[in-house]
Amino acid sequence: MRDARAEVKRPIGLRLWLSGGWIALLALAAIFAPLIAPHDPLAQDLFLGRMPPFWMDGAEPGYWLGTDSLGRDVLSRIIHGAQIAMIVALVAGTITCVIGASLGLMAGYYRGWADRVISRLVDIWMAFPPVLFAILLIAVLGPGLMSIIIAIIVIDWTRFARVIRAEALTQGAMDYVASAQVAGRTRFSTMLAEILPNVLPTVVALLTLEMGIAVIVEAILSFVNLSISTDSPTWGGMIAEGRTSVHQAWWVLVFPLVALFLTVLSFSQLGEGLKDRFDPVLR
Amino acid sequence: MMYEIRDLRLSFPDLAHKPLLGAAPRVEVLKGISFDLPKGTVLGIVGGSGSGKSTLGRAMLRLLKPDAGSIRFDGTDITHMDEDALRGMRRRFQMIFQDPMSSLNPRRRVGGLIAGPMRLHRMDNVDARVKEALDMVGLPQSFAARYPHELSGGQRQRVGIARAIALRPDFILADEIVSGLDVSSQAQVLNFLGELVRDLGLTLAFISHDLSVIRRLCTRVLVLHQGEIVEEADTAQLFDAPRADYTRELLSAIPLPDPHQRWV
């Protein structure tokens, strides 16, 4: 009898608090951006160009993180940029995950010709250089939020397909699959009811990782000016603008970079933390 | 007759020797097995590793499709029945697996593991039946809320047995179910399995490589060697007067208590 196990309560780790906290903060900022942002992110004021952040000499009150060369408020732009980052992370991440994980699950579980077709497709797909692929795609589709989301899905579904296929192969060889057949479960129902719950922790970990990657890809595309229109506040766009004046106004580059860094880190840590906390097998 | 098996043949592709082009050569695992299994028998299937005993068992449950021959279960020919047609019958022949860590889905609680197959077959009073099954294998009902990894090896194997008997099958295949357990759990599991078989009037096929385990439980024994039956006899007869050389070899491999041992 191991009743003591029930007594052991895992505290929600610091990792989960910090990463979840940052993501929640960002989500709130994204939803209420027009209410929170102290200034219009697009409003230019050339007399207030390159104002430093609040703790430095010569800071303009009300512009907490300074202004860029056109006098736009950096904090407001970061808050509005969070909107695009969050939409891309959630929508692109989720769709990529659903498509890639379903194909991987089918390839790994059904094996045979389904596996051959899907695996070859993944191999061929992965031979294209991803960033070039994305740039090409957006050049064809035209810039815009939809194009970015489609580009991310097209580039990254293979990651899910690969990993989940391997996982489903391992799980498919377990006796509980034979046992489901003995019990009279259909093949399809076995895949959904027996295999899927066992690959789900991996899917969740990959999904949060993918959300971080989606934010990075969006930033890269903004950086090379292939994202939303140049005016729209995106973190990548801000980094690109900040780069040109990094010696005069480092804050234009550094603050969006920090936001980007914390977001990507938080997404990946959130995945690991959730897995530790909610996986009954690990507990 | 529970099972009538005639000239059963089964082979696997040998992928290690597959030529670059063309089909892989096939390795014959079962080379014409024939035997009858009367209702209420506890049959031991014994043989070394690679003798085909697990393959025979899995073919009897139609987890594998035979190449030739026939399998009749309670009068019905199931040799080439497709999975959809078999599904309705599957409740009647169940299996207990060797490694419960692998055969119990780690993400289901014990209660769900036992209830799942019953729900698939639309049985009534599932909750009451789960409790009853746990009682029959001697596990407290509170275990229904536990995950398999929270149990010991012997307890896990009891869950596997509970899952099989809860469906009220006519036939159970037990594939090396005690080989992963320590000696005292082995004895416990064998004892209550023997009782269950008697109480429920089950027909049991018990696969093992260990003749001393077979001797405790089985009324009749099938000795398999390289895909063929080398001897089929009642248990007492097999132990008193083994006919095949291979059986004698297996018998001599049973360690017997030695009255002259020095290290006691």
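I looked up B:Phe93 first: its bridge partner in β7(B) is B:Phe171. Helices (H or I, at least four residues) and strands (E, at least two) are DSSP runs, numbered from the N terminus. I counted four bridges between β6(B) and strand β7 (residues 171-175) of chain B. These two strands run parallel. Two strands pair if DSSP finds at least two bridges between them.

I noted the ground rules next. This is a predicted model: local features need pLDDT of at least 70, side-chain atom pairs count only at pLDDT 80 or more, and totals for chains, interfaces and linings use all residues. Residues are numbered from 1 along each chain as its sequence is written, while chains are lettered from A and ligands numbered from 1 in the order in which they are written.

**The six-stranded sheet**

I traced an open sheet of six strands in chain B. Its order is β6-β7-β8-β3-β9-β10, with mixed pairing. At the edges I found β6 (93-96) and β10 (228-234) of chain B, each pairing on one side only. The twist averages 20° from one strand to the next. Helix α6 (residues 153-166) of chain B packs on the sheet and touches β6 and β7 of chain B. Its direction makes about 180° with that of β6(B). Axes here are lines fitted to C-alpha atoms, for helices over the stretch in contact, and angles run from 0 to 180 degrees between N-to-C directions.

**Strand β1 of chain B**

I then turned to β1 (residues 3-13) of chain B. Nine bridges join β1 to strand β2 (residues 26-37) of chain B, and the two run antiparallel. B:Ser11 stands opposite B:Glu28 in β2(B). Five bridges join β1(B) to strand β4 (residues 68-73) of chain B, again antiparallel. There, B:Arg9 stands opposite B:Ala68.

**Where the chains touch**

How many residues of chain A are in contact with chain B? I found 17, against 22 residues of chain B. Contact means C-beta atoms, placed from the backbone, within 7 Å. On the chain A side, α8 (175-182) and α9 (187-223) each supply at least two residues. α8(A) gives the most, with six residues. The chain A side divides into eight nonpolar, four polar and five charged residues. Ala, Val, Leu, Ile, Met, Phe, Trp, Tyr, Cys and Pro count as nonpolar, Asp, Glu, Lys and Arg as charged, and the others, Gly among them, as polar.

**One residue of chain A**

Last, I checked A:Leu90, in helix α4 (residues 74-110) of chain A. A:Leu90 is partly exposed because 14 other C-beta atoms lie within 10 Å. The cut-offs are 20 or more for buried, 12 or fewer for exposed, and partly exposed in between, with C-beta atoms placed from the backbone.

How values were computed. Two residues are in contact if their C-beta atoms, placed from the backbone, lie within 7 Å.
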